[in-house]
Amino acid sequence: MISDRLPTLGSPVGITRGRRLAGRALARPSLPALVGLVGVVVFFGLEAPELLTWGGVASVLDAAALLGIGAVAVALLLIAGQFDLSVGVLATASSLVTALLIANAGWDTWPALLASLGVALAVGVVNGVLVVNTGLPSFLVTLATFLVLQGSSQALAHTLAGSVRVTGLDDAPGWASAEAVFGSTVQLGDGRFRVSLLWWLGLTAVATWALWRTRFGNAVFASGGARRAARQLGVPVRRTTLGLFCLSASAGWLIGTLGLIRIGGVQVGGPGLGTGIDFLLIAVIGGCLLTGGYGSAVGAAVGALLYAVARHGIALAGWDAPWFQAFLGVLLLVALVANGVVRRRLKAVPRS
Amino acid sequence: MTEVPAPGGPGAGQAGLPVLELQRVTVRYGSVAALSRVSTTLPAGEITCVLGENGSGKSTLVSVLSGLRRHDEGQLLLAGEPMHFRSPRQARAAGIATVWQDLAVAPLLSIWRNFFLGAEPTRGTWPLRRLDIDRARETTVRAMARVGVSGLDPDQPASTLQAGARQSLAIARALHFGARALVVDEPTAPLTVAQQRLLLQSIVTARGQGLAVLLVTNNPRYAHLVGDRFLLLAHGQVAGMLTRDDVDASDLMRLMAGGEEFSALTSALTDLHSELGDR
């Protein structure tokens, strides 16, 4: 990072340089989450050694992948100063659409998947247009979408399928190829690693690149951190926000599809694939400021990993499951405080 | 849609010819007209100062010229061509750059990202089109050095800049993108003498390069110091257009305070507190 700067810049004094590097490390949004991750891995590694076997790692990564896909999308929206609570329920709703199209309407797998992606994008556009055009807080708009989707998907499943469960999709035409894309696994030791991991890593990498290396990324940061300045300089704030809502809707669809292919069916209203709040929590734990303008996709990915390690660690250590919730609350508080400190530190770097 | 003409280099405008022209421009917010049939010209190589009370339409005029707000009636001509800017991006691409009253700086973005925000240089083709970071950094450092800020780390967030340097960033950015016209809405933040000098120097330099300059200010002394022409706004309408030969600083002061309103206020105050009359 230092080498590509102009040689005339920066004071030659070593102290200043070290301080600058320290400042830069502290300015990384993902740092507190990374510290937390190391902490929980060490703690639960000692408390529940089976966490660090192939099987334990595979199940942690599996949970982290699904959470991480949603969290990365939600993190981008948070950076742009918007919330999306509807990602989790959109996952269920879109996989229900796919399942109903295959089971009840007799569609092939791929057309059904494309149709449900269309439905998800439509929900994203509705979210985005409502937020952009009315200026309503996105927290409330997407809470409304969440309720509508939750209620209508349960009612729809009940009316059309007769139960909250649609199964037996795996003999539909095209299922095998869909399974190759969304459901492949690799066996390593006693752990089964799923392709969802690659989707997660790919999405995180692309999001990181887009955030730091493209115009779109600049627009995302500016929309959240200084919306007025962004508008005055001609940054397409509305278009960017709309695009991000479509992205989070697609992420919801992807999570839903990965789950649908895995179990060959869908269950509505069950424990589900994580709610919107979880993704939000993870993004904040990963260093996103709730006020927008600051955060990273890598941070969200680390946050997802931290979340998954803690949940599995608590289960494997034989503790009662509700402890996880308490732990999550503590984690969130720590993250909020740490984000505040880091942000203040970032602003207080001395100019000389 | 009108084609946005490519910006010319410095000195693109011939002195005296109008770069920007407003013809009976009206802007309404709901049923309230913030600007009402305003006609004026901004000649190349001249500084036009806009004077008026709060609410007289100065900020709206800036918004229209910089593409933030579209006018409802009338015409905005750039070098004789009618323009309809749909966003400040288009106005900037056409060579009209603005120093905003609040400076339009995003505090958590790095300095070079702030410099190019909304008009980033890129390389590569679409799915791989990416920011040309090295060029952006270099250009930022050079442009900042030109306005007197050196030894800058362009990767630092703009929040680490002191108020004066932040203002320099806004000015350097406008000078970089303003090829034909510079619109300066005088910053509201209190400025030191050195910062004020920088602002006025930049404006005078821009005039020397043949740009049309519009300066919105509340300070009649500065207006008189650098201004060639003075546009007086009152209640969204043009109340007068004066040249340097017509007025001196105290005239401007009087005109700016709204003429009779100011004298009415003075007499009301002296009636209440007779000792004020001696001042």
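Over which residues of chain B does pLDDT stay under 50? The stretch is residues 1–12 of chain B. For these residues the predicted model has 26 contacts beyond four places in sequence. Where pLDDT is low, the predicted coordinates should not be read in detail.

Confidence was then examined for the chain and for the complex. Chain B averages a pLDDT of 83. A score of at least 70 is reached by 85% of its residues. Among the elements of chain B, the highest mean pLDDT, 94, belongs to helix H3 (residues 111–116) of chain B. The lowest, 58, belongs to helix H9 (residues 260–272) of chain B. For the complex, the predictor gives an ipTM of 0.82. The pTM is 0.86.

Strand S11 (residues 229–234) of chain B and strand S12 (residues 237–243) of chain B run antiparallel. Six bridges join them. B:Ala234 stands opposite B:Gln237 in S12(B). Two residues lie between the strands of this hairpin. In the hairpin, B:His235 takes a positive phi near 50 degrees.

The contact between the chains was considered next. Chain A contributes 26 residues to the contact, and chain B contributes 34 residues. On the side of chain A that touches chain B, the elements giving two or more residues are helix H9 (215–225), helix H10 (227–232) and helix H14 (322–347) of chain A. The residues of that side of chain A comprise 12 nonpolar, seven polar and seven charged.

Terms used: Residues are numbered from 1 along each chain as its sequence is written. Chains are lettered from A and ligands numbered from 1 in the order in which they are written. This is a predicted model: local features need pLDDT of at least 70, side-chain atom pairs count only at pLDDT 80 or more; totals for chains, interfaces and linings use all residues. pLDDT is the predictor's confidence in each residue, from 0 to 100. Helices (H or I, at least four residues) and strands (E, at least two) are DSSP runs, numbered from the N terminus. Two residues are in contact if their C-beta atoms, placed from the backbone, lie within 7 Å. Two strands pair if DSSP finds at least two bridges between them. Ala, Val, Leu, Ile, Met, Phe, Trp, Tyr, Cys and Pro count as nonpolar, Asp, Glu, Lys and Arg as charged, and the others, Gly among them, as polar.
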